[in-house]
Amino acid sequence: MKALSIAATGMMAQQTNVDVISNNIANANTTGFKASRAAFQDLIYQSMQREGAVTSDAGSTRPVGIDIGMGVQTAGTVRLNTQGGMVATENQLNVAIDGRGYFSVTLPDGGTAYTRDGSFQLSPEGEIVTMQGYRVEPGMVVPENTTAVEINEQGVVMAYVENDPVPVELGQFSLTTFVNEPGMRPVGNNFLLATEASGEAQVVNPGDPGAGMIRQGYLEASNVNVIQQITDLISAQRAYEMNSKSIETADQMLSAANQIR
């Protein structure tokens with residue numbers, strides 16, 4: 001009887017499903033977070049009788065076969081890159097991406113990470129950095145005695161220094177897009193890394209075709225739909241219980257068979 005091992009794969013798959021859903025719910029208020037879903041696929045099949053097998057000398061064939069599946073496995077976790085809502089913060093260094101694209105961040109080891117979290121700050125030297133103190137590319141330094149910073153939809157950063165009515169242009173935020181965004185690897189701290197699956201990084205300016213716009217004074221909220229996640233959690237729990245019931249039933253059937261004399 002294969003039901004024991006088959007149902008066990010179902011329970012393991014639903015454990016993964018619950019883990020993914022739990023992470024989504026935990027990050028419901030994380031800036032720029034993108035929800036994920038677990039994707040599953042069936043395992044190989046044991047063919048007891050082949051479809052199309054000849055069943056008589058007259059040449060008749062079997063219309064269907066007998067194929068017993070061996071269970072389920074997790075194929076991957078798919079990140080859902082839908083747009084999150086805009087949350088007004090009134091902080092002049094908070095920016096949100098309205099559309100496709102990621103900010104580029106230089107890591108301490110010299111590598112590049114990508115993020116949708118635009119809750120930027122200033123370093124002691126006046127450089128625009130992330131909450132972890134990592135430089136946002138291209139590096140821009142806000143002069144001392146700056147009274148206000150303005151960032152337009154194209155990502156151009158301008159600073160009003162002291163009483164000068166004419167702003168100083170500091171630079172322009174660039175965005176990076178990927179052909180396959182779900183192929184990027186999450187590493188925590190709201191950072192993603194490029195992989196072979198994501199494709200080559202393509203640097204564009206905000207507002208270019210296929211790129212989003214910059215919204216100053218806003219942050220992108222998580223795209224997690226809590227109600228949907230709770231519904232999915234209940235569904236995963238019921239699926240786990242049904243697999244557990246299958247194991248219990250198979251055990252009872254085996255016990256009955258063993259008692260036959």
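What volume does the second largest pocket have? In this predicted model, the second largest pocket has a volume of about 160 Å³.

## The second largest pocket

Let's stay with this pocket for a moment. Its lining consists of 14 residues, and those nearest the centre are Asn17, Ile21, Arg37, Ala38 and Asp232. At least two lining residues come from each of H1, strand E1 (36-42) and H2.

## The largest pocket

Now for the largest pocket, whose volume is about 420 Å³. Here 24 residues make up the lining, with Phe33, Lys34, Arg79, Pro186 and Leu192 the closest to the centre. Two or more lining residues are contributed by each of H1, strand E4 (72-79), strand E8 (112-115), strand E15 (185-188) and strand E16 (191-193).

The lining of the largest pocket holds 9 nonpolar, 12 polar and 3 charged residues.

Helix H2 (residues 226-258) is the main contributor to the nonpolar patch, giving 3 residues.

Ile25 counts as partly exposed because its relative accessibility is 31%, and the partly exposed class runs between the 20% limit for buried and the 50% limit for exposed.

Note on methods
Residues numbered from 1 in each chain as written. Predicted model: local features only at pLDDT ≥ 70, side-chain atom pairs only at ≥ 80, totals over all residues. Heavy atoms only, no water. Helix = DSSP H or I, 4+ residues; strand = E, 2+ residues; numbered from the N terminus. Buried < 20%, exposed > 50% of the residue type's maximum accessible area, 1.4 Å probe, protein only. 1 Å grid on protein atoms, 1.4 Å probe; cavity = no way out; pocket = protein on both sides within 12 Å on 5 of 7 lines; lining within 4 Å. Points joined across faces, edges and corners; volume = space filled by probe spheres on them. Nonpolar A, V, L, I, M, F, W, Y, C, P; charged D, E, K, R; others polar.
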